[in-house]
Amino acid sequence: RALLVDQFALNLQALRALSYLTMYEPYALAMPRHISLQVISSLCVHSNPTLQRHAVTVVANLAKLQPNWAPILGVQAMRDLKMLIQSDNFDVRREAVRAVANLSLSAQAQQEIDSLNILDNLCEMLKQSTADRGRGNAAQVSSFMGARNLKMQVQVLYALKNLCWTEHMLLRVVKEFDCMPILIQLLESNGIDVRQEAAGCLAVILQRPEQRVFFTALGGPEAALKGLKTSLAITRELDKELTALTRKRDEDQRNRQIEQDLQRQRSIASRATAATTLMGPALLTHEELEAQMLDIQQKTEVKKQNDGLQMEYMRIVYHMAEDEAVCSNFMTHYEWPLFMGPLAVEDAEAQECAAWTNFRLVKAGAKLDDFVRNRGVYYVCR
């Protein structure tokens, strides 16, 4: 009802509430049955950028769920999104790109993206986001752009990855817009999620054998394996830090149990005796405990992202290793631990991708003694 009243403040607060509610799947699924998407779509093109941003955020949240694709596309939302990704307001552009990215898995949306030339906008945005600003390389450029622009890059790359499953769009991305050098450059980005989406986009492109020659000529395999090596090193460090933090947390829990036992004894013993003979172990303060739990949570999340990044790198290696000459080159210049490392990650999909890649490399028959010596058989049996 608040959306239907012609009052700016009411509309804004209603959209703000919906933008939070639709972050949760049950509400996002229920909303199109109760609120007209035509109303939301009309507010997306409101003259006020703040209202626009909240309206398009609601659309982007709804677009994460497949059942909502048809209702969204049914109100011609893609035309509005075409306009909004060219907005002067950065936040409006970012949310519009996120909405397009979420919808880009839909076959109908892909047709509309193609007919409205939204692919052109996405490729231009990617080029602008990585344009050399006198900093030299992708990591420095990304740092210069800041965290907000990294989020924009992630959404653009996610949309391009989905669109590249369509052959003629893939060819436009690679040939017309010459995006492959940019994607390889972004394998060195500061943002782990940017690296993951760039690697994922390249993995989709490299399913086509004719693109592998161009990728090799641009130094793509070296960049991907360098990124994989760095990712494995990050995993090792995170494992050490998480083990230490978990041990410290468990020790504190044991100490708290000891302290509880001592408190029960103190209720019987005299105060003097408690002071001299029943002193408990040192416990973490509430602030220290909270900081430790937050640290564990953050590192676990980074590790999960890193597992996903390794999976995309292994997909690149898998497609490249289809060529026997490339397989031979990999095994000449790199050692088995680099390819076997992702077999140990916790994510099942990443493990499966790593297993297929190692199968292809083992099949090539190079350095099999090294594979055994580096516990390859242990990883497989595990």
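Helix 3 and helix 6 (77-84) each contribute at least two residues to the lining of the largest cavity. The model is a predicted one, in which local features need pLDDT of at least 70, side-chain atom pairs count only at pLDDT 80 or more, and totals for chains, interfaces and linings use all residues. Residues are numbered from 1 along each chain as its sequence is written, and side-chain values use heavy atoms, with hydrogens and water left out.

We can start with the cavity itself. The structure holds one cavity of 30 Å³ or more (a set of points on a 1 Å grid over the protein atoms alone where a 1.4 Å probe fits but cannot get out). The largest cavity has a volume of about 70 Å³, the volume being the space filled by probe spheres set on the points. Its lining, meaning residues with an atom within 4 Å of a point, consists of Leu 37, Ser 41, Cys 44, Val 59, Ile 72, Val 75, Ala 77, Asp 80, Leu 81 and Leu 84. Helix 6 gives the largest share of this lining, four residues. By class, the lining has eight nonpolar residues, one polar and one charged (Ala, Val, Leu, Ile, Met, Phe, Trp, Tyr, Cys and Pro count as nonpolar, Asp, Glu, Lys and Arg as charged, and the others, Gly among them, as polar).

Helix 3 (residues 37-44) also packs on helix 4 (residues 49-62), at an angle of about 135° and with the axes 8 Å apart. Helices here are DSSP runs (H or I, at least four residues) numbered from the N terminus; axes are lines fitted to C-alpha atoms over the stretch in contact, and angles run from 0 to 180 degrees between N-to-C directions. Helix 3 and helix 4 are therefore oblique to each other (angles under 35 degrees count as roughly parallel, over 145 as roughly antiparallel, 65 to 115 as roughly perpendicular and the rest as oblique). On the helix 3 side, the contact (heavy atoms within 4.5 Å) is made by Leu 37, Ile 40, Leu 43 and Cys 44. Helix 4 brings residues including Leu 51, Ala 55 and Val 59. This contact has 10 nonpolar residues, one polar and no charged ones.

The contact of helix 11 with helix 14 comprises nine nonpolar, two polar and three charged residues.

Definitions and conventions:
On a 1 Å grid over the protein atoms alone, a cavity is a set of points where a 1.4 Å probe fits but cannot get out, and a pocket is an open set with protein on both sides within 12 Å along at least five of seven lines; lining residues have an atom within 4 Å of a point.
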